[in-house]
Each structure stands twice: as C-alpha cells, then as structure tokens.
Amino acid sequence: MPAETEIGTPTAASAPATPGTPAPLMSSYRVDSMSYDRKSMPRCKCLPVSAPTWGEPHTCLTDFPTPNVSLTRKLGAEFVGTFILIFAATAGPIVNQKYNGAETLIGNAACAGLAVMIVILSTGHISGAHLNPSLTIAFAALRHFPWAQVPGYIVAQVSGSICASFLLKAVFHPYMSGGVTVPSTSVGQAFVLEFVITFNLLFVVTAVATDTRAVGELAGIAVGATVMLNILIAGPASGGSMNPVRTLGPAVAAGNYRALWIFLVAPTLGALAGAGTYTAVKLRDDEVEVLPREVRTVSFRR
C-alpha cells in the first residue's frame with residue numbers, strides 16, 4: 001500500500017525538503033503513537049469473528065502484524081512511563097497540601113498534563129505510551145491493539161503506579177493523603193464527571209493516534225493539554241483521575257479506598273464511549289477529496 005501523504009507535506013519520493021527546514025518530529029510515513037502501524041498491517045485470510053462496522057473490514061483472530069518491538073521492551077517502557085506519570089501527577093497535590101497551596105489547581109493540572117506530554121514524546125514509539133488501563137482496554141475493544149498484550153500492559157501500569165506511590169509516601173510522609181483522588185461531591189456526580197472527562201480524553205487520543213489525517217506529531221501536546229483541561233474542570237469535584245491507576249496506586253499506598261470503584265468503572269466506560277465515538281464519526285478514505293498537489297498547502301508542519 002502506498003504511503004499516505006499529509007496535506008502540504010511532500011514525501012521523500014515526491015519532492016525534496018526545503019533548505020533550512022528543520023526535520024519533523026516524525027516522518028510522514030507515520031506509526032500510531034498510541035497503537036500499531038496502520039499502513040503496514042496485513043489483512044489476514046481467516047474466518048471473520050465480527051461483522052464489518054463503519055465501513056471497516058471484518059475482524060480476524062490473527063488480524064494483527066508481528067510487532068517489531070519486543071513485548072518485554074514495551075512493558076518496560078509502559079512501566080517507566082506510568083511511574084513518571086503517577087509520580088508527577090500525585091506529587092503535585094501532595095506538595096500543594098504540604099506547603100499550604102503552593103501548587104494551586106493550575107499547578108496540579110500542569111503536573112499531570114506535562115507528565116503525559118513528555119512520556120508520550122519519549123516512549124510513544126516504544127510502547128505506545130498508553131499509561132492507562134482504560135485506554136488499553138478501549139483500544140483493544142476497537143481493534144487498535146491486540147487483546148493478547150492487554151494483561152501485560154495492565155500489570156505494568158498497575159506496578160508502575162504502586163511503585164511511584166510508595167516512593168512518594170516515603171519521601172513526603174505523612175502527606176500521602178493529599179495525592180489520593182477522592183470525590184468531594186456525591187457519588188453520582190463524581191461518576192458522571194469521570195465518565196465525561198475520560199470520554200473527552202479518549203476522543204482526542206483516538207483522533208491523534210489512529211487517524212492519518214490528524215496531526216499525529218503533536219499527539220503529546222494534544223493529549224497533555226486535554227488532561228490539563230479536564231483536571232481544571234473536574235479536579236476540585238471528582239479528583240480528575242481519568243485513569244484507574246492514577247487512583248489505585250495512591251489509594252493502596254495511603255490505605256484510602258473511599259469510592260475506589262468510581263475511578264475503576266467510570267473511566268473505563270468513558271474510554272470505550274470516547275474511542276468508539278471518534279471511530280464512528282471519523283472520515284473514511286472514500287469520503288475525502290484528494291486535492292491537486294499544488295493546492296495542498298495547509299499544514300501544521302512547514
């Protein structure tokens with residue numbers, strides 16, 4: 001299959017790069033920063049296990065390519081990435097509690113958003129930088145990720161979260177309680193908030209990770225900004241978790257399991273809904289008008 005070109009971005013085979021133009025973060029022949037390589041995925045000849053949906057081919061039991069990165073390296077990157085995320089996202093509220101509001105809500109949101117951004121940019125090419133069991137499950141359910149690797153990813157994510165949380169407990173004792181996400185509203189309100197903000201997150205993640213028309217090179221910025229926005233909206237009410245391991249690790253370290261089920265169930269349902277909604281509304285190949293090359297000049301990359 002020929003490589004798809006992005007708007008206004010010449011390929012190596014079509015036109016030389018403009019002198020003095022910096023190299024893009026990622027090549028135009030792009031691998032998903034959150035899942036598998038869309039373009040190189042072979043279509044298997046096997047018994048279909050589901051009917052076509054939204055114009056996509058049928059799902060096969062063996063419809064995933066052999067990964068070019070070992071599973072061990074993927075799990076290692078996922079563990080380290082989740083450790084960094086949980087350490088930063090949990091340390092912000094702890095520091096805020098210890099030093100009498102030094103971080104503020106904006107600081108807490110920035111800690112999580114910046115952590116997500118830097119982890120995606122640094123490990124996205126290795127493991128996909130899921131960092132979130134809800135994301136992993138949603139991508140597997142929508143055929144963006146093989147189910148066989150889901151248990152390993154979840155174990156790596158939970159382990160990274162627990163290790164980061166106990167390290168924070170050792171460093172900031174006795175202020176670990178400040179890093180636990182607990183709702184300050186009713187159970188129903190907290191559930192709805194966590195569902196909606198995770199819906200928002202996965203809608204954006206699915207766009208930048210699985211759609212060749214999205215500006216995938218800015219995936220880290222887009223996802224990090226979404227996390228920050230969601231925490232600014234829901235942080236004071238529900239805790240702004242969006243991620244089961246963001247709540248589970250600190251809860252285990254602090255021994256505070258209040259309303260834990262909300263942060264396990266609501267993000268998972270919201271992730272499935274958000275990823276499924278983008279998959280339903282995104283343009284198919286036959287719905288996109290291919291413009292002549294001389295007028296295809298609109299791009300975020302120069």
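Trainee: What should I know before reading the values?

Mentor: This is a predicted model: local features need pLDDT of at least 70, side-chain atom pairs count only at pLDDT 80 or more, and totals for chains, interfaces and linings use all residues. Residues are numbered from 1 along each chain as its sequence is written, and side-chain values use heavy atoms, with hydrogens and water left out.

Trainee: How many helices and strands does the chain have?

Mentor: Helices (H or I, at least four residues) and strands (E, at least two) are DSSP runs, numbered from the N terminus. Here the chain has eight helices and two strands. Along the sequence the pattern is β-β-α-α-α-α-α-α-α-α.

Trainee: What share of the chain counts as buried?

Mentor: Buried means under 20% relative accessible area, exposed over 50%, and partly exposed in between, with a 1.4 Å probe and protein chains only. Of the 302 residues, 46% count as buried.

Trainee: And what do the contacts say about sequence separation?

Mentor: Contact means heavy atoms within 4.5 Å. Take contacts between residues at least 6 apart in sequence: 77% of them join residues at least 24 apart.

Trainee: How are two packed helices described?

Mentor: By the angle between their axes and the distance between the axes. Axes are lines fitted to C-alpha atoms, for helices over the stretch in contact, and angles run from 0 to 180 degrees between N-to-C directions. Angles under 35 degrees count as roughly parallel, over 145 as roughly antiparallel, 65 to 115 as roughly perpendicular and the rest as oblique.

Trainee: At what angle do α1 and α2 pack?

Mentor: Helix α1 (residues 71–98) packs on α2 at about 170°, with the axes 8 Å apart. So α1 is roughly antiparallel to α2. On the α1 side the contact includes A77, G81, I84 and P93. On the α2 side it includes T104, N108, C111 and T123. By class there are eleven nonpolar, six polar and no charged residues. Ala, Val, Leu, Ile, Met, Phe, Trp, Tyr, Cys and Pro count as nonpolar, Asp, Glu, Lys and Arg as charged, and the others, Gly among them, as polar.

Trainee: How do α3 and α5 pack?

Mentor: Their angle is about 55°, and their axes are 12 Å apart. The two helices are therefore oblique to each other. Their crossing is right-handed. A crossing is right-handed if the near helix is turned clockwise from the far one by less than a right angle, and left-handed if anticlockwise. L135, A138 and F139 of α3 meet L202, V205, T206, A209 and T210 of α5. That contact has six nonpolar, two polar and no charged residues.

Trainee: Which residues of α7 are buried?

Mentor: Eight of its eleven residues are buried, and α7 is mostly covered. The buried ones are P244, V245, R246, T247, G249, P250, A251 and A253. Their cover includes α1, α3, α4 and α8.

Trainee: Where is phi positive in residues other than glycine?

Mentor: Look at L131, with phi near 65°. L131 sits in the loop between α2 (104–123) and α3 (133–141), and counts as buried at 3% relative accessibility. A259 has a positive phi of about 55°. A259 lies in the loop between α7 (244–254) and α8 (260–281), and is buried at 16%.

Trainee: Which residues does a cis peptide bond join?

Mentor: H173 and P174, with omega about 10°. P174 lies in the loop between α4 (150–172) and α5 (187–210).

Trainee: How many disulfides are there?

Mentor: A disulfide is a covalent bond between the sulfur atoms of two cysteines. The test is a pair of cysteine sulfur atoms within 2.5 Å. The whole structure has zero disulfides. C111 is partly exposed at 22%, and C163 is partly exposed at 38%.
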